[in-house]
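Dear colleague,

I am passing on the structure below, together with some notes on its helices. Please read the notes with the structure open beside them.

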Amino acid sequence: MLQVLWNGIFVGSFYALVALGYGMVYGVIRLLNFAHGDLYMVGAFVGFVVLSALGAGAGGVGIPLLILALLATMLATGLLGVALERLAYRPLRGSSRLSLLITAVGASFALEYGVRLVAGADPQVYPVRFDRAAIQVLEVRLSGEQLALIGFALALMGALHVLVSRTRRGRAMRAIALDPRASALMGIDVNAVVSQTFFIGSALAGAAGFMAGAYYGKIDFLMGFVIGLKAFTAAVIGGIGNIYGTMAGGILLGLVESVGTSVLGGQWRDVLTFGVLILFLSIRPTGLWGTPVAERA
């Protein structure tokens with residue numbers, strides 16, 4: 001049972017890592033960016049290209065080159081997120097929320113099938129795999145990559161907390177979340193802050209995609225669809241737009257999936273995910289931390 005719980009915490013931390021970017025974008029401009037999961041997928045493919053260029057398939061790469069590849073992936077997906085906001089979302093910022101939502105769905109399909117045209121429909125085998133060596137603690141088998149991913153997610157959560165609550169840029173983000181028009185009148189460059197928010201959120205998604213490819217060893221152009229919905233579910237559970245709530249929601253969702261599949265079987269994994277989403281929306285639509293899911297008046 002302890003192993004099941006540990007697996008749930010690990011998978012939940014992974015969901016939370018992807019959901020952090022989701023929550024950042026929604027927290028600032030109240031946009032449900034359904035293309036966020038596909039930025040995760042693009043990050044996996046960018047990492048694939050970078051690692052292949054570094055010769056990872058032939059002789060492997062060291063830790064410094066892996067970090068370089070990760071940073072390059074985060075930069076590429078961050079810039080893609082900024083371009084997406086500039087071309088697709090900014091012209092519609094004054095439009096209805098439904099128009100933005102439809103645009104986000106269209107952007108998701110554009111990214112998916114754009115990657116399919118470039119990379120093909122067949123799954124790709126990642127050039128590197130994380131070391132599968134593990135240690136045994138009590139009845140729990142802990143692998144180094146699992147601990148690294150959880151540590152990475154916690155570090156990002158702490159960094160985002162510092163950014164949002166302790167820096168001038170974070171204060172600007174919170175001001176825009178409250179009232180973008182008043183923020184502009186106070187001298188805040190709303191477009192620049194929104195672009196930076198998209199860059200950070202998209203970079204987080206790209207980092208998660210890179211790590212997923214290295215951990216699971218296989219990527220494809222549809223891999224972002226389900227993870228995007230699960231990240232959205234994690235954000236909803238915790239209170240979308242709340243960093244700590246998103247982290248807690250991701251871990252809770254991972255635990256529900258892990259325990260549920262150990263009892264019912266792996267075929268119930270996605271059913272459990274979306275069952276939890278429906279349950280929270282019907283019973284507590286404000287999430288665990290009380291942040292509204294619906295559009296504010």
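**Helix contacts and buried positions**

The axes of helix α1 (residues 2-29) and helix α11 (residues 243-264) come within 6 Å and cross at roughly 140°, where axes are lines fitted to C-alpha atoms, for helices over the stretch in contact, and angles run from 0 to 180 degrees between N-to-C directions. This is a predicted model, in which local features need pLDDT of at least 70 and side-chain atom pairs count only at pLDDT 80 or more, while totals for chains, interfaces and linings use all residues. Residues are numbered from 1 along each chain as its sequence is written, and side-chain values use heavy atoms, with hydrogens and water left out.

The two helices α1 and α11 are therefore oblique to each other, given that angles under 35 degrees count as roughly parallel, over 145 as roughly antiparallel, 65 to 115 as roughly perpendicular and the rest as oblique. Residues of α1 that include Val4, Gly8, Gly12 and Ala19 meet residues of α11, among them Ile243, Gly250, Gly254 and Ser262, contact meaning heavy atoms within 4.5 Å. By class, the contact of α1 with α11 comprises 14 nonpolar residues, nine polar and one charged; Ala, Val, Leu, Ile, Met, Phe, Trp, Tyr, Cys and Pro count as nonpolar, Asp, Glu, Lys and Arg as charged, and the others, Gly among them, as polar.

Helix α11 also meets helix α10 (residues 223-238), and the axes of α10 and α11 come within 7 Å and cross at roughly 115°. In this contact, Lys230, Thr233, Ala234, Ala235, Ile237 and Gly238 of α10 meet residues of α11 that include Gly245, Gly249 and Glu257, and the classes are five nonpolar, six polar and two charged residues.

Not counting residues up to four places away in sequence, Tyr22 touches Leu32, Asn33, Phe34, His36, Gly228, Ala231 and Phe232, and its C-alpha atom is separated by 6.8 Å from that of Asn33, which is 11 residues apart along the chain.

In helix α7 (residues 168-178) the buried residues are Gly170, Ala172, Met173 and Ile176. They cover an arc of only 155° around the axis, which puts them on the same side of α7, whereas Arg168 and Leu178 are exposed on the other side.

Best regards

Conventions:
Helix = DSSP H or I, 4+ residues; strand = E, 2+ residues; numbered from the N terminus. Buried < 20%, exposed > 50% of the residue type's maximum accessible area, 1.4 Å probe, protein only. Arc of directions from axis to C-beta.
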